Amino acid sequence: MAIFSVYVVNKAGGLIYQCDNYVPRTEVEKTFSFPLDVVLKLHDEKVVVSFGQRDGIRGIKFIVLADPRQSGIDALLRKIYEIYSDFALKNPFYSLEMPIRCELFDQNLKSALEVAEKAGTFGPGS
């Protein structure tokens, strides 16, 4: 089971944080030019997109892309909200709606993703 990516989107719809947790190895480097011609193909493995929005921070959305068999996504979204409020919002140098550039936020998010992948769920006290 895997958690592929975590995104945090602000009120205006701008991406303020992106974490690619599970990146498969690519053997060939690909370059893109704009505009991108995107074609979606159906594969055997599906990806679950989970959206989370907490009442304390209106408009901020937490998005997790994960394997559909991954359990505990709702608990993971609550944990991400907790990490966001502890390490981004309490940071005196962070301004709302701006990109999150906080090393403690990165470290704690990555450890939470590791715990979620290994355990599959979060307990109430984690």
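## F87 and its surroundings

F87 lies in helix α1 of this predicted model. Its relative accessibility is 25%, so F87 counts as partly exposed. Not counting residues up to four places away in sequence, F87 touches C102, L104, F105 and N108. F87 and I100 are 13 residues apart in sequence. In space, their C-alpha atoms are 9.6 Å apart.

## Helix α1

Helix α1 has 17 residues. From first C-alpha to last, α1 reaches 22 Å. That is close to the 24 Å expected at 1.5 Å a residue.

Buried residues in α1 include I73, A75, L76, L77 and I80. Y81, I83, Y84, S85 and A88 are also buried. K79 is buried too, with a relative accessible area of 17%; the cut-off for buried is under 20%.

## Aromatic pairs

A pair of aromatic rings is described by the distance of the centres and the angle of the planes. The chain has five aromatic pairs. In one of them, the ring centres of F62 and Y84 are 5.5 Å apart and the planes stand at 70°, so the pair is edge-to-face. F62 lies in strand β4 (residues 61-66) and Y84 in helix α1 (residues 73-89), so this pair ties together parts that are 22 residues apart in sequence. F62 is buried, at 1% relative accessible area. Y84 is buried as well, at 0% relative accessibility.

Y84 also pairs with Y94. This pair is edge-to-face, with 6.3 Å centre to centre and 85° between the planes. Y94 sits in the loop between α1 and α2 (103-119), while Y84 is in α1, so the pair ties together parts that are ten residues apart in sequence. Both Y84 and Y94 are buried. Ring pairs link Y17, F62, Y81, Y84, Y94 and F105 into a cluster. F105, a member of that cluster, is also touched by F87.

## Salt bridges

Side chains of opposite charge can pair when their charged atoms come close. The count for this chain is three salt bridges. One joins E82 and K79, at 3.5 Å from N to O. E82 and K79 are three residues apart in helix α1, so about one helical turn separates them. E82 is partly exposed, at 35% relative accessibility, whereas K79 is buried.

Another salt bridge joins K90 and D86. Their closest N and O atoms are 3.3 Å apart. K90 is exposed, with a relative accessible area of 61%. D86 is partly exposed, at 33% relative accessibility.

D67 and R69 also meet in a salt bridge, at 2.8 Å from N to O. D67 is buried, with a relative accessible area of 8%. R69 is exposed, with a relative accessible area of 60%.

## The chain as a whole

The chain has two helices and four strands. Read along the sequence, they follow the pattern β-β-β-β-α-α. Of the 126 residues, 37% count as buried. The accessible surface comes to about 9000 Å². Carbon and sulfur atoms hold 53% of that surface.

Contacts were also sorted by separation along the sequence. Among those between residues at least 6 apart, 55% join residues at least 24 apart.

Methods:
Residues are numbered from 1 along each chain as its sequence is written. This is a predicted model: local features need pLDDT of at least 70, side-chain atom pairs count only at pLDDT 80 or more; totals for chains, interfaces and linings use all residues. Side-chain values use heavy atoms; hydrogens and water are left out. Buried means under 20% relative accessible area, exposed over 50%, partly exposed in between (1.4 Å probe, protein chains only). Contact means heavy atoms within 4.5 Å. Accessible areas come from the Shrake-Rupley method with a 1.4 Å probe; for residues, only the protein chains shown count as cover. Rings of Phe, Tyr and Trp (its six-membered ring) pair if their centres lie within 6.5 Å; planes under 30 degrees apart count as stacked, over 60 as edge-to-face and the rest as tilted. The expected span of a helix is 1.5 Å times one less than its number of residues. A salt bridge is a side-chain nitrogen of Lys or Arg within 4 Å of a carboxyl oxygen of Asp or Glu.
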